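Let's take a walk through this structure, starting with its ring pairs and moving on to a sheet.

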Amino acid sequence: MPTAAPLPYGSWPTPVTSALVVRAAARLGEVAVDGPDVWWAESRPAEGGRTALVRRSADGTVTDVLPAPWDARTRVHEYGGGAWTVAGGVLWFAHLPDQRLYRLGPGDAAPVALTPEPELPAGVRYADLHLDADGVSLLAVRETHTASGAAADVRNEVVRIAPDGTVEVLVTGPDFVSDPRPGPEGQLAWLQWDHPAMPWDAAQLVVRAADGTETVVAGGPGESVVQPTWDADGSLLFSCDRTDVWALWRRRPGGTAELVLDTGADLAQPQWRFAASRSTPLGDGRVALALPRDGADRLAVLSPGGDVHEVDLPYPALTQVRAQDGAVVCAAAGPTTEPVVVRVDVGDGATEVLRPARDPGLDPAWISVPEPVTFPTEDLGTGIPFAHAAVYPPTAPEVGAPEGDLPPLVVMVHGGPTSAHPRTLDLEIQYFTSRGFCVAHVNHRGSTGYGRRYRDALQGRWGVVDLDDVVACARHLAGTGRVDPARMAIRGGSAGGFTTLAALTRRPGVFTAGASHFGVADLAALARDTHKFESRYLDGLVAPWPEGADVYAERSPITHVDALDTPLAVFQGDEDRVVPPEQAEVLVAALRDEHVPHAYLLFPGEQHGFRRAENIRAALDGELSFYAQVWGFGLPAEEGIVPIEVVR
C-alpha cells in the first residue's frame with residue numbers, strides 16, 4: 001500500500017532515470033560457440049554505440065576481444081547481423097566505419113584487413129559470415145553499392161573468401177541471398193528471394209550438390225523459409241510457414257522435405273537481421289529449440305522419434321540458440337530481467353549463467369510486469385476482428401496518486417511493421433511506468449509470432465488495420481476505466497512512427513500527445529528513397545509503386561497534416577538511410593506552419609535508431625518533458641531534466 005503523500009501520475013520520483021536506462025542498456029547481440037569457449041556481441045551506448053565482442057573461456061575468464069575503436073557491425077540490408085564469426089580462436093569480423101573484413105588470430109596484436117579498401121566509402125559490405133567446410137575460407141553475403149547510389153544498382157551475392165582475400169562468387173542473380181551454409185558432403189545451402197517479396201513473404205531454400213545440381217527444397221510464392229541448418233547426418237533442418245506458422249521441417253539426404261514439429265505457434269522470427277537462430281541440432285539426432293506457448297518461450301528438445309522434452313528455465317524469451325557438446329547455449333531474458341547468456345544441460349536442466357544481466361541496482365518492486373490483453377477491432381476484410389497488446393500498469397512501491405485520478409496512457413508501436421514486442425525487460429518502458437504511466441505495447445495485425453494469416457492481414461492495409469488497432473487499444477483501455485482518456489499519447493519509431501503519425505493526422509481527437517522517433521511521414525518518399533532491402537516492401541504493404549501513388553498519398557501523414565492539431569515531439573538521426581531526415585523536416589515545417597505545439601531534436605551521427613548514450617538520454621528525457629508540458633505535471637527536481645523546447 002502507498003505510504004507516501006499522493007502525487008499526480010507522471011510526476012512520481014523514480015530510480016529509473018535516463019542515466020540508468022543507458023547504463024544498463026548494453027544490448028546483447030549474436031552468441032557463438034567455439035569449442036569450450038562462448039562468444040557474444042554487446043552494443044554499448046556508453047562507448048558511442050559500438051559493438052564489442054566478448055569471449056568467455058572454459059575457465060570462466062571473460063575478455064573483451066575487440067577494444068575500442070573496433071566496431072563489429074555490418075550495414076548489409078542496413079539492419080546488419082552476422083557481422084562476425086569465430087572458429088579455433090580465430091575471429092573474422094566486419095568493421096563498421098569501412099565495412100571491410102578483418103581477421104584476428106590468437107597471437108595477433110591487432111586485426112589484419114582481409115578485404116581491400118572499397119572504391120566507395122563502405123561501398124562493399126559483408127554479412128552472415130560462416131566458416132566454409134575447408135575450415136579456412138569464409139562464406140558471406142556480399143552487398144556491393146555503386147556510385148549511382150540507387151537501390152536498383154545494389155548487388156547481393158554469396159561469396160567465398162580465401163585466406164589471402166581472394167573472393168569467389170558462388171551465387172549471383174537473385175535480388176537477395178542469405179544463410180550460406182556448407183553441407184557435410186560438399187553441398188551449399190542458401191536462401192534467396194526477389195523483389196517485391198520480403199524474406200518472410202516468399203524466400204526459397206536452395207541446395208547445390210557437389211556436382212553443381214541445384215534443388216529448391218522449399219519456399220516460393222506464399223511460403224517463407226528461414227534459418228536453415230545442417231545436421232550431422234547430412235539432413236537439412238529449417239523453419240517454413242507452409243502450415244501457417246513457421247514450423248520445423250527436415251530434408252534427409254536424397255529425400256524430400258518433411259514436417260517435423262508444428263505446435264500452432266511460430267517457432268522462428270522474421271529475418272530482419274542475419275544470423276538468427278531459434279533451433280539447433282545437438283549432433284545426435286535431437287534438436288533443441290525455443291518453443292513458444294502462451295506468449296512465452298520454453299527450451300525444448302525434440303527426439304528423433306518426435307517426443308518433446310521441455311526444460312524448465314526462469315527466462316520466457318530465448319534467442320541465439322546454439323549447441324555445445326550436447327548442451328545448449330543461448331541468450332535469455334524475461335519481463336523482470338535483461339538478457340543473459342546461459343548454458344543449459346538439456347538432460348537435467350542445470351543452468352549456468354555465462355554473461356549475467358547488468359545489475360541496475362533496482363528493487364524488483366519498481367518493475368511493471370506486462371499483462372497480455374486481446375481486444376476487439378474492426379474486421380476490415382482481414383477475417384481477424386481482434387488484436388493483441390502487452391499492458392504495463394503504473395508501478396512504484398509506496399507511491400500513489402490522488403484518489404479518483406486515472407493514469408495517463410502511452411501506446412507504443414513496434415517497428416517493422418512486420419515485427420513484434422517481445423515482452424522482455426525494457427527499462428525504457430519502466431522509465432514511464434515507474435513515474436505513473438500505463439504503457440500498452442500493441443502487436444497490431446501484421447505483427448509476427450501469431451502465424452502467417454495474422455501477419456498477412458497487413459498486406460495492402462498498412463495505415464489501415466494497424467491504425468485501427470492502436471486506436472481500438474486506447475479506447476478499450478479508456479473504456480474499461482484503466483486510463484485517463486484525456487491523457488493518451490502514442491509513440492513509435494520507424495514503421496511505429498508512421499502509425500503514430502497516421503493516428504494523429506487521420507484519427508484526430510483520440511490521442512492528446514505523440515512522439516515520433518525517426519517515423520515515416522511520407523510513404524511516397526520512402527518508396528522512392530529508401531535502401532534496397534525495403535525498396536519494394538511497400539508494394540505489398542500499401543500498393544505497387546508508382547501505380548498506386550494515390551493510395552500512398554491518401555495514407556501518408558504528411559498529406560493530412562492540416563488535420564494535425566495534437567502536440568508532437570519528433571526525434572531523428574541525420575545519417576538515417578532507412579527513413580531519411582528530410583521526412584522529419586518536412587513534417588516539422590508543416591507543424592510550424594500550422595502552429596501546432598511541437599519539439600524537434602536532430603542527432604548528428606545517428607542512423608536508424610539511436611545508439612549513443614547521450615542521444616538516447618536526450619530523446620527519452622525530452623519526450624517525458626514534452627508530455628509534462630502538454631499535460632501540466634511536474635518533473636522530479638532531483639533528476640535535473642532540462643525541459644525540451646516546445647515551439648508553438
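Here, buried means under 20% relative accessible area, exposed means over 50%, and partly exposed is in between, using a 1.4 Å probe and protein chains only. This is a predicted model, where local features need pLDDT of at least 70, side-chain atom pairs count only at pLDDT 80 or more, and totals for chains, interfaces and linings use all residues. Residues are numbered from 1 along each chain as its sequence is written, and side-chain values use heavy atoms, leaving out hydrogens and water.

By that cut-off, Trp462 and Phe498 are both buried. Rings of Phe, Tyr and Trp (its six-membered ring) pair if their centres lie within 6.5 Å; planes under 30 degrees apart count as stacked, over 60 as edge-to-face and the rest as tilted. A search of the whole structure turns up 27 aromatic pairs. In one of them, the rings of Trp70 and Phe93 sit with centres 5.7 Å apart and planes at 90°, so this pair is edge-to-face. Trp70 is buried at 19% relative accessible area, and Phe93 is buried at 0%. Trp462 and Phe498 make a tilted pair, 4.3 Å centre to centre with 50° between the planes.

Now for charges over rings: NZ of Lys or CZ of Arg must be within 6 Å of the ring centre and within 35 degrees of the ring normal. Arg242 has its charged end over the ring of Trp249, 4.8 Å from the centre, while that of Arg455 sits over Trp246, 4.3 Å from the ring centre.

Finally, the sheet. Strands (E, at least two residues) and helices (H or I, at least four) are DSSP runs, numbered from the N terminus, and two strands pair if DSSP finds at least two bridges between them. An open sheet of 8 strands runs in the order 29-30-32-31-33-34-35-36, with mixed pairing.
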